[in-house]
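Me: I would like to learn how to read backbone features in a model, and I would be glad to go through one with you.

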Amino acid sequence: MRPVRAVIYGAGTMGLLATRLLAEKGVHVVGGIARSEAKRGVDLGTMAGLDPMGVPVDTDAARVLASVRPDVVMLATASFMPEIYDQLALCIDAGANVLTISEETFYPWNTSPALAAQIDRLAKAHGVTVTGGGHQDSFWIHQVSALMGAAHRIDSVHGSATWNADEYGTDVVASKHVGETLEEFERSSTRDDAPPTYGRNVLGALAQASSLTPVTWESTVRPVIVDHDRPSQVLGRTLAAGAVIGYADVDTMTTAEGPVFTFEMAGYVFGEGESDKNEWSISGEPDLYLHNGVVPSYTTTCTQWVNRVPDVINARPGLVTVDEMPPLAYRALPLHRYVHDGKLD
């Protein structure tokens, strides 16, 4: 069986780390796509800190996909379905599976149902799979679902996660409203076209994985404001006391079967001594707790992204969310060794 052929769509911070991880797992990275003209023609391996791969980065996605015919596209360009719909459709039309760390694609059925249904139909028509993955795969779904399976009765589930926005590049920092005044944040976060919260995707996937029926949703947004000057590595400047350094989404979901779910996720520019966290508590019979200690979310986003590659290639065609996937598994061998049914022959 031949190696998996992959294209990196989004040669930024996450895509370049994934490039190294894929190469070390025996994947042939055959293409790189970026928006920046400054990256066009630069060797992808060189950009990722590796030896040259002979893969020049291109800004023409259609040209790359048509010329190299990948098995899977690793998409890391934007967070929400409306932003990446055309990119997904382009990859599907090229006959490629897509594995993306776009946060909404993790479970878009309750936030962008029309776009999700269109992608599902298109992927089925072309016999390929589209999946959203990354850090939330294990830490927010499969670990939590396994913990819920240890309960006889569940009254409530509460999750709390933090992550350092300063590790993910300028687009993510901008999406978290870093550097805005409180007044600017309140105007932008309350507009009618504000994007959905990631918590709705997480809780929707947890409900689906546990065969629960969501009844009501409530979402609030809370700014994180620094009370002293704080440097931002990505912005290359210091944020003054009183500035917004990110925000927290708080989502609550009730279910017809009884359990109430709350998830609070805060992404902001960390200060000295702060670290990512992931904590969950279940109230019921018995009470149960999950605490992951210091979580390297930046790294685990990419490690889980890469480890999912065989599962996406193996999955049925369509939009397949990770609640339908098997739990993540460690991949000690080259990734093509985990692909079955002759899909790479």
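**Reading the backbone**

Reply: Arg-69 lies in the loop between helix H3 (61-68) and strand E4 (72-75), where helices (H or I, at least four residues) and strands (E, at least two) are DSSP runs, numbered from the N terminus. This is a predicted model, in which local features need pLDDT of at least 70 and side-chain atom pairs count only at pLDDT 80 or more, while totals for chains, interfaces and linings use all residues. Residues are numbered from 1 along each chain as its sequence is written, and side-chain values use heavy atoms, with hydrogens and water left out.

Me: What is the phi of Arg-69?

Reply: Most residues other than glycine have a negative phi, and most peptide bonds are trans. Arg-69, although not a glycine, has a positive phi of about 50°. His-177, in the loop between helix H7 (170-175) and H8, likewise has a positive phi, near 60°.

Me: Is His-177 buried or exposed?

Reply: His-177 is buried, its relative accessible area being 12%; buried means under 20%, exposed over 50%, and partly exposed in between (1.4 Å probe, protein chains only).

Me: Which peptide bond is cis?

Reply: The bond from Glu-285 to Pro-286 is cis, with omega near -5°, and Pro-286 is placed in the loop between strand E13 (277-285) and E14.

Me: What is the order of the strands in the open sheet?

Reply: Strands of a sheet pair through backbone hydrogen bonds, either parallel or antiparallel. Here six strands follow the order E8-E11-E12-E7-E13-E14 with mixed pairing, two strands being paired if DSSP finds at least two bridges between them. The edge strands, E8 (214-225) and E14 (288-291), each pair on one side only.
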